[in-house]
Amino acid sequence: MRDAAQRGQVGTPGALAERDAQVFRAGLHLNRLNSEYEDFLFGRIDLLRGKDGKKGPDGAYTAVEPAEGAVRPDNTADIAETLHIGRIGVLDENYAPLVIDWRAPAAAPFYRSTPVDPGRVVRRRVIRSKGRRVLGVEDDLMRPELKASLNGRELPVIGDGALMAALGQARTHTMRDIVASIQAEQDQVIRAPAASVTYVEGGPGTGKTAVALHRAAYLLYQDRRRYAGGILIVSPTPLLVAYTEGVLPSLGEEGQVAIRALGSLVDGAEATLYDSPSVARVKGSYRMLKVLRKAARGALELNDSPARLRVVAFGRRLELQAGELERIRRTALGGTAPVNLLRPRARRLLLDALWERSGAANRHTDPELAAELRSSFDEDVTSEDEFIAFLDAWWPELTPAAVLDAMADERRLVRWSRRILDQGEARRVARSLRRDGWSVHDIALLDELQAILGTPPRPRKKREIDPLDQLTGLEELMPVREETQRERAERLAQERVEYAHVIVDEAQDLTPMQWRMVGRRGRHATWTIVGDPAQSSWSDPDEAAHARDEALGSRPRRRFELTVNYRNPAEIADLASKVLALAMPGSRAPRAVRSTGVKPRFAVVDGDLGATVRAEAARLLERVDGTVGVVVAMQRRAEARRWLGGLGDRVVALGSLEAKGLEYDATVVVSPAEIADESPAGLRVLYVALTRATQQLTVVSDGRDEPDAAGVPDLLRD
Ligand SMILES: Nc1ncnc2c1ncn2[C@@H]1O[C@H](COP(=O)(O)OP(=O)(O)OP(=O)(O)O)[C@@H](O)[C@H]1O
């Protein structure tokens, strides 16, 4: 490569450019190979001879099914092909595949093959390594009945299977990729075509988040030109963003995908607060759309909007009174155009009214002369300082933040929301807007207001001319170049708001207003939506589904269901299913793949709630190697953090809504009844809380949980 880069002459200028491009590409590839990937090579499949001898672009045979006679009548067979699967593809000096990229078609049998439908795969091997050291090997036999040999020797089998090994590992505060053990039903979602909408439902722990992240990596592999920098993953909380952020870099896709929490989707505004369930219910609902439209128009009258306009034109004093101004404002606001873009229209209407008032309209019958007179009248008025100052005060350029601030006034909001919200609702919303900072639900309102208000075009700034440029004559060229660069910057900024593919995680939680916000970012996008209605914390799932359908438009949908719970052992999944039956009668819980033999523990508060929770958390810290999560009702978050002080950073306290999507080796769920009573969706939120543990669960109850003699709270009894 160095030799190629240093060669000064390679024939034509075209060849030189091509050489540069190739050296650049090779450099990128080398960089990726040199970066330390944990588990760079993680898989191997040993395959039977295929039906035909065709090879794909990655150099592997393409046949999915074995050739006739590949398995002999006495159930013996020879391994005809061995493929190694890794994070990125590597070819040998003859362009034969040394390592196949996990996303390449030839790698699909590694994920798709199952004992029920093995295809050509005999043995699937997962290799765990660190740097150059192999730490362990786990084999799965796809055809356990077969005696297969490789180069005349029997194929050895090691370990209990990769999936079980991966699931049993202790958890840290960041998610790991699952590239070595993706299961067949998950692989179907990851490799589904990008077009239109891919819709995935599955219960807790079925790998929806993991699948969504791997799908982003797969789409980048399929069409890098289209998707690099153009994929948005929307996550419900900053905690889940932080938890999942490392997965794509571990797959070699650093910085290509934007993962944003719902509270950080609007540039320049970051949610730091939560609303009470009753306020969240109002702010998230469609009803807010009407309220915001009214508020955006009403906010024009704030800031001591002037009550009359006085100007001097053609030597005469002209005046418009409050009533007239009000009529003009109403006419200007007619229709649904963005409020900030209506200012020129309002200005014209003001000038019309002043012109009328001046009586000059009847001075000329000749239309040309009349038009000339009118234009000099307009010029006269609009150059007057009074007129300019009046317009700025009477039709100010509004920002979304200013309108939300205006809504913080209770009397005003009651007026703007008449017949839409009841007075109690309006008061509570106004009060919540007086706090210092934005809530998650405010962010969607800010985004909606931006659409309602619009951004007026900015006048172009003149570039200062450098005297040196004038001397060299460069000034002739510079403005042109600068202009196109600026336009390009604006276009890029615009494109960044709209994405080519939008992935929505925990989609069941988006409120109607949040769907509108996310929809604006993917108007021309293809979509992947993953969620579980049984975990929805939104009180009106039908309203949210309607908003989702509106955001997606008429795009056709491809539906998938994930049915296996990889997170919870059966003992925990069984307990959680009791709450599922109450929260969503008739819905099916996913099947847990493993069992630990450790039953959930029930502790009853004896006196001090905090002391009991702390003791239970400390007990679990001794029993698991990884993390412990303590889930409490939202209002107890601060208190719970104090309870756990000094126990170290393996343990965290979480509000029920913050637990979404996260997992811990062990969890303490504090007062199921309190969590269930918190909001109309409380039972579904409790279902989320109970399904976070990978090893052990302790439920702490107090009086309101009505525990029985064994400490089992009422909500968790049969
Ligand atoms: N094929 C797999 N191999 C190894 N681990 C897996 C596999 N699929 C899922 N997991 C693990 O199972 C756990 C649950 O996955 P994930 O968080 O993606 O589930 P989810 O469906 O999003 O859950 P929830 O709805 O509760 O948020 C994670 O630890 C994930 O790494």
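Analyst: We'll take the chain as a whole, then the ligand site, the cores and some individual residues.

User: Before that, what kind of model is this?

Analyst: This is a predicted model.

User: OK. How many helices and strands are in the chain?

Analyst: The chain has 28 helices and 26 strands. Its C-alpha trace spans about 110 × 85 × 45 Å along the principal axes.

User: What percentage of the residues is buried?

Analyst: Of the 718 residues in the chain, 51% are buried. The accessible surface comes to about 35,100 Å². Carbon and sulfur atoms account for 50% of that surface.

User: And the contacts? What share joins residues at least 24 apart?

Analyst: That share is 74%, counted among contacts between residues at least 6 apart in sequence.

User: On to the ligand. How many residues surround it, and which are the closest?

Analyst: The ligand is surrounded by 25 residues. The closest are Ser181, Lys208, Arg567, Glu663 and Arg692.

User: How does that shell divide into nonpolar, polar and charged?

Analyst: It has 9 nonpolar, 10 polar and 6 charged residues.

User: Which helices each supply at least two of the shell residues?

Analyst: Helix H4 (162-168) and helix H6 (208-222) each do.

User: What lies across from the oxygen atoms of the ligand?

Analyst: A side-chain N or O atom of Arg567 is 2.8 Å from a ligand oxygen. For Glu506, a polar side-chain atom lies 2.9 Å from an oxygen of the ligand. Thr206 uses a polar backbone atom, 3.2 Å from a ligand oxygen.

User: How much of the ligand's accessible area does the protein cover?

Analyst: The protein covers 97% of the 630 Å² that the ligand has on its own.

User: Switching to the nonpolar cores. Which residues touch the most other members in the largest one?

Analyst: Leu350, Met407 and Trp527 do, in a core of 86 residues. Helix H19 (residues 440-453) gives this core its largest share, 8 residues.

User: Now Thr526. Buried or exposed?

Analyst: Thr526 counts as buried because its relative accessibility is 10%, and buried means under 20%. Thr526 lies in strand E18 (residues 526-531).

User: What does the Thr526 side chain reach?

Analyst: It reaches the backbone oxygen of Ala194 at 3.4 Å. Setting aside neighbours within four places, Thr526 contacts Ala194, Ala195, Ser196, Tyr227, Ala500, His501 and Val502.

User: Where is Pro115 found?

Analyst: Pro115 is in the loop between helix H3 (108-112) and strand E6 (121-130). At 54% relative accessibility, Pro115 counts as exposed, because the cut-off for exposed is over 50%.

User: Which residues is Pro115 in contact with, neighbours aside?

Analyst: Leu141 and Met142, leaving out residues within four places in sequence. Pro115 and Met142 are 27 residues apart in sequence, yet their C-alpha atoms are 4.4 Å apart.

User: Last one, Asp422. Where is Asp422, and what does its side chain reach?

Analyst: Asp422 sits in the loop between helix H17 (410-416) and helix H18 (423-433). Its side chain reaches the backbone nitrogen of Glu425 at 2.8 Å. With 44% relative accessibility, Asp422 counts as partly exposed.

Note on methods. Residues numbered from 1 in each chain as written. Predicted model: local features only at pLDDT ≥ 70, side-chain atom pairs only at ≥ 80, totals over all residues. Heavy atoms only, no water. Near = heavy atom within 4 Å. Polar contact = N/O pair within 3.5 Å; in protein donor to acceptor, adjacent residues only side chain to side chain. Areas by Shrake-Rupley, 256 points an atom, 1.4 Å probe, with all protein chains shown as cover. Helix = DSSP H or I, 4+ residues; strand = E, 2+ residues; numbered from the N terminus. Nonpolar A, V, L, I, M, F, W, Y, C, P; charged D, E, K, R; others polar. Core = buried A, V, L, I, M, F, W, Y, C linked by side-chain atoms within 4.5 Å. Buried < 20%, exposed > 50% of the residue type's maximum accessible area, 1.4 Å probe, protein only. Contact = heavy atoms within 4.5 Å.
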